[in-house]
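Here are my notes on this model, point by point. Please read them with the structure open.

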Amino acid sequence: MTLPGKNSRLISIDGEVYRWAVSPDSGYSYVIVEPASGQEQRVEAHIDDPEAPLTPALAREVIREALKCGWQPNASGLKPLWLNGQPLLERVEQKTTH
């Protein structure tokens, strides 16, 4: 399923364009990323803190970590790659406080 353009944003990393969005739920959120074409494998990163600032910097960290973990953004027919986004959020927060 493709992320809707209305509630998502584009981000470019290393010449590739991705679409990302936040999906809030009770008590937590997911940062969802997929290639801008929307027809390939997506990433879903779980964030425990519903009050956390879910920013483009976090989306970048999710993408970079997903690629390190073997995410195949251009492969179709694969289930979403699930990540624990909490350490990624902490990494972003540390970068912004230093």
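1. Is R60 buried, exposed or partly exposed? R60 is partly exposed, because its relative accessible area is 32%, and the class in between runs from the 20% limit for buried to the 50% limit for exposed. Keep in mind that this is a predicted model.

2. R60 is found in helix α1. Beyond its neighbours within four places in sequence, R60 is in contact with I11 and I13. The C-alpha atoms of R60 and I11 are separated by 7.9 Å. Along the chain, these two residues are 49 residues apart.

3. Now the helix itself. Helix α1 covers residues 56–68, which makes 13 residues. Its span checks out: at 1.5 Å a residue it should reach 18 Å, and the end C-alpha atoms are 18 Å apart, so the two values agree. Just after α1, G70 takes a positive phi of about 95°.

4. Which residues of α1 are buried? They are L58, A59, E61, V62, I63, E65 and A66. Note that E61 and E65 are on that list. The cover over the buried residues of α1 includes the strands β1 (9–13), β2 (16–25), β3 (28–35), β4 (43–47) and β5 (81–84). Helix α2 (86–97) is also part of that cover.

5. L89 has its place in helix α2. L89 counts as buried because its relative accessible area is 2%, against a limit of 20%. Not counting residues up to four places away in sequence, L89 touches I47, A52, P53 and L58. L58 is itself one of the buried residues of α1. L89 and D25 are 64 residues apart along the chain, and their C-alpha atoms are separated by 17 Å.

6. D14 deserves a look at its backbone. D14 lies in the loop between β1 and β2. Its phi is positive, about 50°, although D14 is not a glycine. Most residues other than glycine have a negative phi. D14 counts as exposed because its relative accessibility is 71%, and the exposed class starts over 50%.

7. The overall dimensions are consistent with a globule. For 98 residues, a compact globule would have a radius of gyration near 13 Å; the protein has 13 Å, so the value agrees. The C-alpha trace spans about 35 × 30 × 25 Å along its principal axes.

8. Take the contacts between residues at least 6 apart in sequence: 50% of them join residues at least 24 apart.

9. Last, surface and charge. The accessible surface comes to about 5,800 Å², and 49% of it belongs to carbon and sulfur atoms. There are 10 positive and 13 negative side chains in the protein. The centres of these two sets lie 6 Å apart.

Definitions and conventions. Residues numbered from 1 in each chain as written. Predicted model: local features only at pLDDT ≥ 70, side-chain atom pairs only at ≥ 80, totals over all residues. Heavy atoms only, no water. Rg over C-alpha atoms; globule rule 2.2 N^0.38 Å. Contact = heavy atoms within 4.5 Å. Areas by Shrake-Rupley, 256 points an atom, 1.4 Å probe, with all protein chains shown as cover. Lys, Arg positive; Asp, Glu negative; His and termini not counted. Charge placed at Lys NZ, Arg CZ, Asp CG, Glu CD. Helix = DSSP H or I, 4+ residues; strand = E, 2+ residues; numbered from the N terminus. Expected span 1.5 Å × (residues − 1). Buried < 20%, exposed > 50% of the residue type's maximum accessible area, 1.4 Å probe, protein only.
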